[in-house]
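Visitor: Hi, can you walk me through this one? I'm new to reading structures.

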Amino acid sequence: MTRTDPTDVPRPDARLHFGVFFQGVNHWTIWSDPASGSQIDPSSFLKVARTAERGLFDAFFLGDGLRLRESEGGIHELDVAGRPDSITQLSALAAATERIGLVSTSNTTFNEPGDLARRLAGLDLLSGGRAGWNIVTTHNAWTGENFRRGGYLDHADRYRRAEEFLSVARAVWDGWADGAVAGSAEARAWSVPDAVGRVRRRGAQFDVDLAPTLPRSAQGHPVIFQAGDSGEGRDFAARHADVIFSAHGRDFDDALAFADDLRRRLRAVGRAEDALRVLPGTEIVIGATEKEAEEKARWVRLSQVTPAVALGIASRLWGIDLSERDAEGPLPAEDPVTTAHTGKFGTRWVSDPHPVVAEWRAKAEANRWSLRETVIELGPQHGHVGTPAGLAERFGRFVRHGALDGFNISPYLVPDGLDDIVDLLVPALQERGLYRTAYTGSTLREHLELAPVG
């Protein structure tokens with residue numbers, strides 16, 4: 001679906017929501033640049049969070065990982081490595097910030113619902129209702145090896161487990177009645193009788209019998225984020241999530257098609273079309289002129305896609321180890337290998353590599369590109385490039401035509417990669433009425449303009 005009539009603006013008063021994604025493990029952060037700081041020093045987390053709060057961002061998102069990424073049984077050395085426990089780190093940031101939301105990426109495959117729900121409730125109370133939970137259904141086999149039951153769960157099984165997990169977590173968060181704690185020192189007991197109910201759930205995945213230990217926070221529940229792009233993932237988000245991440249944020253028509261698909265799914269399950277915020281992940285490169293922005297973006301891409309990274313991306317596409325090839329040479333002559341995904345090689349970003357490889361070969365031959373140049377031009381892309389004014393106009397079209405609600409921004413430099421966005425882009429958006437000029441609430445749910453928890 002394409003909306004081309006400039007006078008047909010379905011959401012004329014819509015404003016963008018921004019989050020910042022501190023990934024911790026990735027090759028998109030340019031770790032080799034002199035301006036790059038530590039990915040694990042507490043000061044880096046604090047600088048990014050405070051810059052985002054200065055820019056009136058909705059939330060600081062922290063990627064979590066129970067084990068370093070692996071490829072073919074070894075540590076994936078191309079990543080910037082280092083992930084503290086997300087809830088521990090966010091709890092520290094809660095004391096050092098005032099308004100910004102704090103979102104933990106925590107998986108449902110290897111955690112247990114009673115324990116994780118309690119820790120998330122603790123973060124929510126500690127921060128005054130600023131916690132969020134980015135639900136991920138970790139698939140990789142190497143993480144499973146950390147746990148007694150081990151395990152690589154099938155795609156559908158991961159979502160079945162996540163659904164049951166979330167149901168238990170919500171029961172835990174609702175375990176205390178409002179006004180459960182005695183209101184005066186003269187009361188006979190610290191709590192109102194029967195104010196704390198037990199949670200008893202027996203299902204295919206969990207057998208739970210517990211008494212919740214905490215009341216609800218100022219926002220009721222942690223805000224639920226979800227990042228599935230498959231049919232099962234979109235259905236899960238439509239049924240349960242408050243916010244969905246996506247990879248559909250670069251092209252307007254693609255973003256609008258994704259958002260319209262979600263709206264259809266929301267209607268199908270009886271939820272309002274505006275019940276779910278859409279925040280695609282993105283990288284933003286800003287220049288004083290379009291030419292300067294493009295030159296900076298080229299530098300960013302060359303710095304991100306080193307020869308080793310190019311070979312790693314091509315290896316994941318072809319399904320074979322290309323690490324000893326020449327990145328400045330031609331594309332592999334071999335056909336891609338398609339095997340059942342076991343989680344041991346690394347994650348492919350396409351389900352069928354054959355048409356992608358065919359496109360790469362055709363364009364590489366036509367343009368005389370090396371393997372590295374092909375990856376730079378045609379590999380995974382996830383960013384916006386332009387001047388502050390140009391980006392503001394572009395983003396205004398996206399949000400006011402209903403293609404998205406904002407962006408989850410991954411800085412290409414840590415900890416200073418948000419400075420241009422906060423100092424240059426945010427004012428340009430504010431001038432056009434596309435971005436808040438002050439926080440108007442204190443909870444993450446209020447920042448996102450979500451309905452209160454019932």
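Guide: Start with a definition: two strands pair if DSSP finds at least two bridges between them. Helices (H or I, at least four residues) and strands (E, at least two) are DSSP runs, numbered from the N terminus. Two bridges join β9 to strand β10 (residues 243–246), and these strands run parallel.

Visitor: Which residue stands opposite I244 in β10?

Guide: Q226 does. The chain crosses from β9 through α6 to β10, and this β-α-β crossover is right-handed. Right-handed means that, with the strands pointing away from the viewer, the path from the first strand over the helix to the second runs clockwise.

Visitor: Before we go on, what kind of model is this?

Guide: This is a predicted model: local features need pLDDT of at least 70, side-chain atom pairs count only at pLDDT 80 or more, and totals for chains, interfaces and linings use all residues. Residues are numbered from 1 along each chain as its sequence is written, and side-chain values use heavy atoms, with hydrogens and water left out.

Visitor: How many helices and strands does the chain have?

Guide: The chain has 14 helices and 13 strands. Its length is 454 residues, and 52% of them are buried. Buried means under 20% relative accessible area, exposed over 50%, partly exposed in between (1.4 Å probe, protein chains only).

Visitor: Back to β9. Which way do its side chains point?

Guide: β9 covers residues 223–226. V223 and F225 point one way, I224 and Q226 the other, and all are buried. Strand β6 (residues 131–136) is joined to β9 by four bridges, and the two run parallel. There, G132 stands opposite V223.

Visitor: Which strand is joined to β8?

Guide: Strand β7 (residues 199–202), by four bridges, running antiparallel. β7 and β8 form a hairpin with four residues between them. R202 stands opposite D207.

Visitor: Let's go to that helix in the crossover. Where is H240?

Guide: H240 is in α6, which spans residues 231–240. With a relative accessible area of 16%, H240 is buried.

Visitor: What does its side chain join up with?

Guide: The side chains of H240 and E163 are joined by a polar contact of 2.5 Å. A polar contact is a pair of N or O atoms within 3.5 Å; within protein, one must be able to donate a hydrogen and the other to accept it, and residues adjacent in sequence count only if both atoms are side-chain atoms. Plain contact means heavy atoms within 4.5 Å. Leaving aside neighbours within four places in sequence, H240 has contacts that include L166, R170, I224 and R271.

Visitor: Where does N408 lie?

Guide: N408 lies in strand β13 (residues 406–409). N408 counts as buried because its relative accessible area is 4%. The C-alpha atoms of N408 and E283 are separated by 8.5 Å, though the two residues are 125 apart along the chain.

Visitor: New topic. How many cavities of 30 Å³ or more are there?

Guide: Three. The largest cavity holds about 80 Å³ of space. It has 14 lining residues, and the closest to its centre are A121, V172, W173, L214 and P215. On a 1 Å grid over the protein atoms alone, a cavity is a set of points where a 1.4 Å probe fits but cannot get out, and lining residues have an atom within 4 Å of a point. Grid points are joined across faces, edges and corners, and a volume is the space filled by probe spheres set on the points.

Visitor: Which element gives the largest share of that lining?

Guide: α3, with three residues.

Visitor: Last one. Where is the cis peptide bond?

Guide: It joins V414 and P415, with omega about 10 degrees. P415 lies in the loop between β13 and α13 (419–431). Most residues other than glycine have a negative phi, and most peptide bonds are trans.

Visitor: What phi does D194 have?

Guide: A positive one, about 65 degrees, although D194 is not a glycine. D194 sits in the loop between α5 and β7. D194 counts as exposed because its relative accessibility is 78%.

How values were computed
1 Å grid on protein atoms, 1.4 Å probe; cavity = no way out; pocket = protein on both sides within 12 Å on 5 of 7 lines; lining within 4 Å.
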